[in-house]
Amino acid sequence: MLPRVKKVLLCTLVLAACRRAPSPPVALTLEEPAPAAGELALTAYDGGAGPAATVHRTVWVDGQDGYTGMEDNDLRGHLDGSFKYGWNQVGQNHVRVGRREKSSTWGECEIFRVLQRWGGIVLPAGAVVRDASLDLAIESGPHRPMRLYLYEVHRDWNPGQGGVLGDNVSPPRPGEVWWGDAGYREKPWGHPGAGLASDADPEADTPVMPLAEALYTPEGNGLTFRSEALAAYATRRIAAGLPLLFLLKVSDALEDLPTGSVVVYSANQGDDRNGVRRPRLTLTWSAPGERFSVEKPLLLEYGRTLTLPPIEAAALRAVAATFRPGEAGACGPQVEWRADGGPWSGAGVGVSGPWSRLEVRVVAACDPVPLGSAFETTFRNTWVRTAPPERQHVPFVFRGPDGTERVVPARYAGDYRWTVSFTPDEPGRWTYAWGETFTTEPYRSATGTFDVLVDPGNLDAQLARLAEDARAWDRKGDPARGEVLSTRLARLERAAAASLSGSAFLRDGGAALRRRLNVARSALDAPVPDVLPMKPDKPPSWKREGSR
């Protein structure tokens, strides 16, 4: 975690950069993205009682790979039910755990706790979770270690929509969760703040013992909760089709002390295409009824697609296609599956059969976007203090593989949401970040990554655009631009050639491809002749002298 001064400096720098005009093209950055290296596990299930041999590791992050079932809430108040702010807080960028160290009300400072609701997690019938971990990223915290505990919660709740004004700082609507109730005016907690811990009282909010614990340290930047009890709880709840319900708190002893709060990034942190700071639930599991299974070591060059042979079998009811990277933190490939010729799905687990045919493919790219298509993402933040939401300036800075930066302002879409749409013009690896000044402290997002891949079906349009860019190229004023355009041509050529079978290339596909490429080649330099002359190289000087 960056020190406070460095964080503010970085935010200020990125915002200043965002207000400048786009930087001119620079020389091509010669960087090679890493290959997809690890192990692919693929299993098809028929719902039977066969052995559960294959172990899968699946990660859930809200807003990623089609999963949108997680929401977290700030709970704040006093143990006797009094409170300073009676709000439904659900859409904020962070949540807090502990007790305030200042700003007391009626003789004491507020207690903070966090609720997490993980709904919509589905595994094949009979699945057993062998290992479970919950990873949280830390924004800030006190200058002393603090132990945090994760409890299961007995009663479900409605995360709400941010109160009567939908802004997270207004009273809850009926049924929304807050400090005093699991559902405002409808379902009270056993004690305020989901605080009744008992193994005997039917009104208890949690058991006496937690599922897991984790130690916050000032020099750390994250927390990991992991235990056999957490895995067993996940097994029971998922098997019953129920959400995982968690309460996060510090110890009772620390809640009595003004030690400050640990600020944890929430499920709403960042934008919907970059969940690196959001809570991460990882389940390692296996299930019975395996009809087909393969575990395959994977080493796939960047940009390539591996399509596995189809699985042909009647009455397949579930599929799991998961990837275990060989290097922690690496940008993993996109694993997709489809059933009976339907649309491709990026979700690692599917349970909606029966099917008769399954296909799986792996794209060695990070969050791929077809060249010519728009990259779009959205974020929501209700903590807006410096100006009305519609007047806020939120610049996104996109950096292309040629080093050029493009600044695109996000559009306010209402309901405290901002959206951006950007069509990248170069294939290859892109990064992006965005900043805002909703409060007096500038904010900079985590850096996101996506890969722009060539779609062979859109080749002619891309070649036409390349030719147009080549004709507009100022060769004297910007000689480095030629390398960028030539690299784009090479990537278009590679993708188009890779889409042809050997027989198609030999029949007429290769010649037809050259004719299509000539549209851009003639604008860049010169077209390839219809007949390529085969000429010998000039003989060395000693041979020329000997022939005289």
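**Rings and helices in a predicted model**

Me: What lies over the face of Trp383?
Reply: Arg385 does, at 3.9 Å from the ring centre. A charge counts as over a ring if NZ of Lys or CZ of Arg is within 6 Å of the ring centre and within 35 degrees of the ring normal.

Me: And what lies over the face of Trp344?
Reply: That is Arg361, at 4.1 Å from the ring centre.

Me: What should I know about the model itself?
Reply: This is a predicted model, in which local features need pLDDT of at least 70 and side-chain atom pairs count only at pLDDT 80 or more, while totals for chains, interfaces and linings use all residues. Residues are numbered from 1 along each chain as its sequence is written, and side-chain values use heavy atoms, with hydrogens and water left out.

Me: How many aromatic pairs does the structure hold?
Reply: There are 26 aromatic pairs. Rings of Phe, Tyr and Trp (its six-membered ring) pair if their centres lie within 6.5 Å; planes under 30 degrees apart are stacked, over 60 edge-to-face, and the rest tilted. Tyr67 and Trp118 form a stacked pair, 6.3 Å centre to centre with 10 degrees between the planes.

Me: Which parts does that pair tie together?
Reply: Tyr67 is in the loop between strand E2 (56-60) and strand E3 (70-77), and Trp118 is in strand E5 (residues 111-118), so the pair links parts 51 residues apart in sequence. Helices (H or I, at least four residues) and strands (E, at least two) are DSSP runs, numbered from the N terminus.

Me: Is Trp118 buried or exposed?
Reply: Trp118 is buried, with a relative accessible area of 0%, and Tyr67 is buried at 8%. Buried means under 20% relative accessible area, exposed over 50%, and partly exposed in between (1.4 Å probe, protein chains only).

Me: Turning to helices, at what angle do H4 and H6 pack?
Reply: Helix H4 (residues 459-471) and helix H6 (residues 502-524) pack at about 15 degrees, with their axes 7 Å apart. Axes are lines fitted to C-alpha atoms, for helices over the stretch in contact, and angles run from 0 to 180 degrees between N-to-C directions. H4 is therefore roughly parallel to H6; angles under 35 degrees count as roughly parallel, over 145 as roughly antiparallel, 65 to 115 as roughly perpendicular and the rest as oblique.

Me: What about H5 and H6?
Reply: Helix H5 (residues 481-498) packs with H6 at about 175 degrees, with axes 11 Å apart. H5 is therefore roughly antiparallel to H6.
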